[in-house]
Each structure stands twice: as C-alpha cells, then as structure tokens.
Amino acid sequence: MRNLVLSSSALLLCAASPVYSQAVQEVTVTASPLIGDAIDQSQSVAEISREDMMASGGFGLGEALRNVPGVTSSGFSPGAARPVIRGFDASRVRVTENGIGSHDASDISADHGVPVDPLSAIEVEVLRGPGTLRYGSQAIGGVVNAINNRIPFDIAEGPSADVFVGGATNAAERMAGGTFDIREGAVALHADGFARGAESYDTPNGKQANTYSFGKGFALGGAYIGSFGATGLSFNRYASHYGIASEPGGEVAYIDLTQSNYAGALRLNAPLPGIESVNGRIGYSDYTHDEIVDDEGVLGTFNNKEWEGRIEALHKGFGPVASGAVGMQWGTRDFEALGEGADYLLPTTTTSFAGYVFERVDVSERFALEGAARIEQARVKGATNALGSFNRDFTPISIALGAVFRASQTLSFSLNLSQTERSPNVVELFAQGPHEASATYEFGDPGLGKERARSIEAGLHYDGADLTHAALNVFSSRFDGFIAGVVTGNSYDEEGNFFADDAGEFAELLYLQRDAHFWGFEAEAHLPLVEIGRGHAGIDLQGDYVRANFGSGGNVPRIPPLRYGGGVFYESDGMALTLSALHTAQQDKVAQNETPTEGYTLVDASALFRIFEGETGALDLSLAASNLFDETARNHVSFTKDHVLLPGRNVRLTLHYVY
C-alpha cells in the first residue's frame with residue numbers, strides 16, 4: 001500500500017490527512033540546499049502534502065497554507081491570497097516554484113494573484129532559517145516553495161498518473177485535474193492540467209459580493225536522463241479570472257490574469273573531483289493582468305517580464321566540513337503599469353546578482369553546525385512624476401549560523417542566529433498615487449536604505465516510533481530600518497486633492513523606516529494515545545503567536561493575532577477521521593488608524609477513506625467540512641477585513657486516484 005506520511009507540518013486539525021502506515025518514516029526536506037531529514041536540520045521547515053491541499057481547498061497558496069502554524073493568508077479575495085509568514089508579507093516572503101520565483105505582481109499589491117496553484121504541486125514547503133539565504137534578500141521573512149515534476153528528473157520507469165475531481169457546497173466550487181508521467185529508458189515526459197471555479201461565497205451575513213474566482217492551467221515537460229545526470233525543459237500556462245471583493249455600493253471590479261512560463265534545468269553527477277553534483281535552473285515568465293470595472297472596461301494593465309537563473313554545486317566533505325553548497329543566482333525584472341496603474345507606479349527595472357555558500361560541520365554523531373552567507377548586488381531603476389528618475393544600488397549582505405543537537409533518534413534541538421539584509425522593493429521606493437485595491441494614496445521614498453534584521457530562533461522537533469510528532473519554534477527578530485506602510489490619518493480624493501482628515505476616499509500611506517521588534521512562537525503536536533481495532537486514536541494540538549511593535553512606540557499594522565486549538569483523530573489502514581477547533585483571538589494591538597478585529601472559533605471535521613486499492617492503482621475519497629457552526633469571522637491581516645467576511649459553512653467532497 002502507498003504510504004502517506006504525516007510530515008513536520010501536515011496539519012490534521014483542519015483537513016483530511018491520510019496516514020496509513022504505522023512505521024516510522026523520516027521527512028525529507030528539499031528546500032534546503034543540503035537535502036536531508038527535518039529532524040537533522042536547524043531551520044524550521046513545514047511540508048504540506050498534495051492530499052492535504054486538495055482536502056482543505058482554497059484558491060491560491062495562501063488559502064491552502066492558512067492553517068499551518070505561523071502562516072496565514074493575505075486574504076484580500078479568494079483569487080488573491082498570498083502567504084503571510086510570522087506577520088511578514090509580500091515584500092519579505094518569497095514564493096517560488098521548484099526554487100525559481102513566481103514572477104508575478106503579487107508583491108506590488110495585495111489584490112494581485114499568485115500564478116502558482118497548489119493543485120499542480122506535489123507538495124509545498126515553508127522554510128525559515130539559514131536556508132532562506134539561498135533565495136535572496138526578498139526572502140527575509142521566509143520562503144514558500146511549490147514542488148512539481150514538470151521537468152521530470154526523478155520519476156520511475158513506466159507510466160504513472162494522479163487524477164482528482166471535487167466540489168464544495170459553498171460558492172458551488174468545482175475542481176478537476178491530473179498529472180501524467182512516463183519514462184522509457186533515458187527519456188521522461190510530463191503533462192499536467194487543472195481547472196477550478198467558484199461563484200461568490202456565502203457568509204453568515206449573506207453573499208459576499210464579487211468574490212468569485214476561476215482558474216485553469218496546463219504544463220508540458222520532458223527530460224533526458226543519463227549517466228552524466230539529466231537535462232530538461234518545460235512550459236506552463238496559467239490563467240485566472242477573479243472578482244475583487246467590493247464594499248456595499250462600491251464599484252464592481254475584477255482581474256483577468258495570464259502567465260506563460262518557460263523553464264530549463266540541468267543536473268550533472270560528480271562532474272569534478274570533490275563535487276557531488278551541479279544543479280542549474282533557469283526560468284523566464286511573461287505575466288500580464290487587466291483590472292476591469294463593470295461599465296467602464298479596462299482601467300489598468302500590469303505587465304511583468306522576468307528572467308531568473310541559479311547554478312549550485314554541492315561539494316563533498318573536506319576537513320571538518322561534512323557537506324556544503326556554493327551557488328550563484330541572477331535575475332532581471334521589467335515591470336510596467338499602464339492606464340490608471342501608471343498613476344500609482346511608473347515602469348521599473350530591477351537587476352540582481354548574488355553568490356552564496358551553505359556549509360554543514362558534523363561536530364559529533366549528535367551535534368552539527370550549519371552556516372550560510374550571501375552577498376547580493378541589486379540595482380533598481382524607477383521614477384516618480386514629482387522627483388524624476390533614480391538608479392538605486394544596494395548590496396545586501398546576510399549571514400546565518402545554526403546548530404542542531406540530536407538528543408536521541410526521535411528528538412532534536414536547534415538554535416539559529418542570523419543577520420539578514422533586504423533592499424527596498426519598487427513600491428516602497430517609487431509608489432506615488434492612488435491604490436484602488438487598498439483604498440490608499442501611497443508615497444514611496446526613493447531615498448530608503450537597506451532593512452537589517454538580527455534574529456534568534458530556538459526549536460524542538462520530535463518524531464516518535466508510534467507516529468507521535470511535536471514541534472516548537474520560538475523566535476525574535478530586531479529590525480534596523482524596518483520599512484512599513486504607515487497610514488497617517490490624512491486622505492486624498494481621486495483627483496489628488498489633499499484632506500487633513502479622512503474626508504477623501506483614499507487614506508494617505510507613507511513608506512517610512514523605523515526600528516521594529518517581531519517575536520513569537522509556533523507549536524504543534526500529533527499524539528496517538530490509544531489503539532482501537534486496527535488503528536489508533538489521539539489528539540492534535542497547535543498554536544502560534546506573533547507580536548510586532550516599533551522601537552519608537554506603537555504596533556506594526558496587520559499582524560495576525562494569537563491562534564490556538566486542538567482536536568481528536570482516529571487513523572487506521574484506509575481511513576482517517578478528525579474533529580477539530582481552531583480559535584483566533586481578538587486582535588486589539590493595532591497600529592494607528594487601524595481597527596481591532598474580533599476573535600472567532602472555527603470547528604472543522606474530515607473523513608478520508610481508501611475505497612479501492614489494487615494493481616491498477618488506489619482511489620481515495622475525502623469529505624471535509626469547514627466552519628461547521630457558520631461562525632462570523634474576519635481576517636485581521638487583510639486590507640479588506642472591515643467589509644469582507646471569511647466564508648461560512650462549507651462541505652467539500654474530493655475523489656483522488658493515483659496509479
């Protein structure tokens with residue numbers, strides 16, 4: 001029988017999580033340059049399986065990961081839901097696909113979608129710690145890496161398939177898709193596709209207007225695999241059409257988004273003495289979306305054309321060093337906004353080149369040190385109407401040191417220290433006008449400097465022989481020159497007229513640098529307690545918290561509140577049942593001109609059954625119910641939370657076949 005494993009963050013509290021094996025299996029982490037078991041690494045890693053993502057539902061990576069400890073969603077609308085990690089948002093969280101950036105406009109505005117759908121991923125990893133230095137200065141808060149098989153280097157001989165179909169009661173949601181792989185000798189081919197759609201969803205207070213979302217995509221890829229290693233190419237196309245949740249009586253707007261992506265990869269096995277392998281990947285994306293208002297047509301168009309490449313050599317041990325990686329990364333991004341978008345941000349060009357190193361020293365059988373360093377050169381070209389053109393150069397330098405002590409085969413402790421730097425993004429530098437999505441009138445500052453964070457994180461990781469799992473991470477980050485969008489209390493109208501109060505339709509927002517302190521924790525546990533029949537029952541627990549305030553006083557805006565919860569489960573061969581509750585506390589530690597958000601508790605249940613297994617494959621059926629008591633809930637992180645409720649009661653049915 002296929003073994004579906006509970007990973008270091010597979011969250012049984014809110015989704016069906018198929019666990020069929022009683023044997024211990026170690027979780028392999030690929031987001032780090034040194035692939036290994038999670039219990040042996042110092043960084044904090046969460047892995048979410050394909051089964052979990054399909055059962056929990058939600059459009060976009062932010063919604064699929066929203067219940068992972070320490071992760072929430074930007075929650076602007078179902079079509080635009082970017083991950084938020086420990087309170088860090090778009091400019092500090094890098095979304096990647098197989099290690100290469102998503103190349104979109106979601107870091108420009110919260111209403112812009114991410115063209116990486118979880119339905120096309122094998123699994124998703126959330127990475128924090130020294131390994132984030134591999135991904136660039138814009139990953140100062142963490143990395144969300146979607147892993148797929150579009151360049152099929154690592155597939156078995158013969159054909160394989162993964163097909164799913166599902167639907168949900170709320171918003172008449174429906175989805176279907178599949179992946180297909182075949183390898184004959186040295187040649188491997190891949191194809192995948194999906195389609196999904198949902199109408200505007202229901203809340204306890206009625207229909208949430210203009211929250212419909214539709215998406216589809218396909219990909220083709222191939223690889224040649226030989227004794228030298230492997231090389232391959234892929235192409236994928238993504239398209240979505242989604243509404244922007246509107247205020248009562250507000251304009252009805254929606255976005256049409258498309259992206260074409262071309263990728264190539266190379267793997268060389270032991271090309272030189274002392275070198276274990278060399279891995280290279282390059283990607284080019286052509287992204288565009290139109291912002292359309294009913295009865296007015298296209299008011300703005302956003303284009304993003306982006307190249308990115310990475311080459312990385314994994315070397316063998318020498319002296320005290322057990323293993324390590326040395327790499328280079330480079331990229332070019334051309335962004336432009338047309339129509340009304342040009343009133344907000346003029347065209348920009350960003351180029352970057354970086355080198356990094358990641359090394360591991362095994363001091364003893366139980367104790368290891370991990371270190372990483374990165375130096376990056378970034379040039380940002382942009383302009384504002386008032387101040388003219390600018391060429392800004394930045395050299396972020398980041399270093400990190402981690403230690404991991406394996407107290408036993410099942411228990412490890414970790415500690416990470418780091419100093420990381422981030423260059424400001426184009427919005428923080430050059431924003432200059434009305435931003436319809438967030439109802440703000442924004443002003444960047446072309447004179448902003450680098451943002452620097454000094455961080456410490458301690459962790460505990462336990463994986464027991466009886467599938468018991470527990471993890472705890474405690475962190476603190478102190479920022480010099482943290483860049484924040486601060487609402488001043490002034491406002492503007494659409495013509496740019498200034499008001500010394502909130503009389504205008506757009507709240508004034510300035511990008512300023514202040515010292516800041518972020519601290520908090522994430523915790524989770526999966527505890528089998530008693531054997532019942534051919535399976536076992538137990539409890540799940542989880543919690544997370546982040547507190548963020550400025551050194552000069554006051555709170556950082558849009559910080560997620562305390563969450564905690566738990567549930568009961570039963571697991572056996574071919575069946576997994578869960579019942580859980582997750583409480584989100586009131587958030588009253590708010591920034592100036594930010595409103596508090598009431599707390600709420602969501603109760604969920606799920607059931608997964610293996611209804612067929614044989615030589616022709618296996619078929620699973622999952623039934624997952626969310627917000628069973630139709631609780632009224634708002635996402636404090638979202639710009640639109642004052643007029644947008646989270647979805648009400650929903651029941652989701654999914655069939656998943658694997659051959």
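1. Start with Arg310: this residue lies over the face of Tyr135, 5.3 Å from the ring centre. "Over a ring" here requires CZ of Arg or NZ of Lys within 6 Å of the ring centre and within 35 degrees of the ring normal. Arg514 does likewise with Phe550, at 4.8 Å from the ring centre.

2. A quick word on the basis. This is a predicted model, with local features needing pLDDT of at least 70 and side-chain atom pairs counting only at pLDDT 80 or more, while totals for chains, interfaces and linings use all residues. Residues are numbered from 1 along each chain as its sequence is written, and side-chain values use heavy atoms, leaving out hydrogens and water.

3. On to the rings: the whole structure has 20 aromatic pairs. Rings of Phe, Tyr and Trp (its six-membered ring) pair if their centres lie within 6.5 Å; planes under 30 degrees apart are stacked, over 60 edge-to-face, and the rest tilted. Phe302 and Phe335 make a tilted pair, 6.0 Å centre to centre with 40° between the planes. Phe302 sits in strand S19 (residues 297-315) and Phe335 in strand S20 (residues 321-339), so this pair ties together parts 33 residues apart in sequence. Strands are DSSP runs (E, at least two residues), numbered from the N terminus.

4. Are those two buried or exposed? Phe302 is buried at 5% relative accessibility, and Phe335 is buried at 2%. Buried means under 20% relative accessible area, with a 1.4 Å probe and protein chains only.

5. Also worth a look: Phe218, Phe235, Tyr262, Tyr284 and Trp307 form one aromatic cluster.

Definitions and conventions
Helices (H or I, at least four residues) and strands (E, at least two) are DSSP runs, numbered from the N terminus. Buried means under 20% relative accessible area, exposed over 50%, partly exposed in between (1.4 Å probe, protein chains only).
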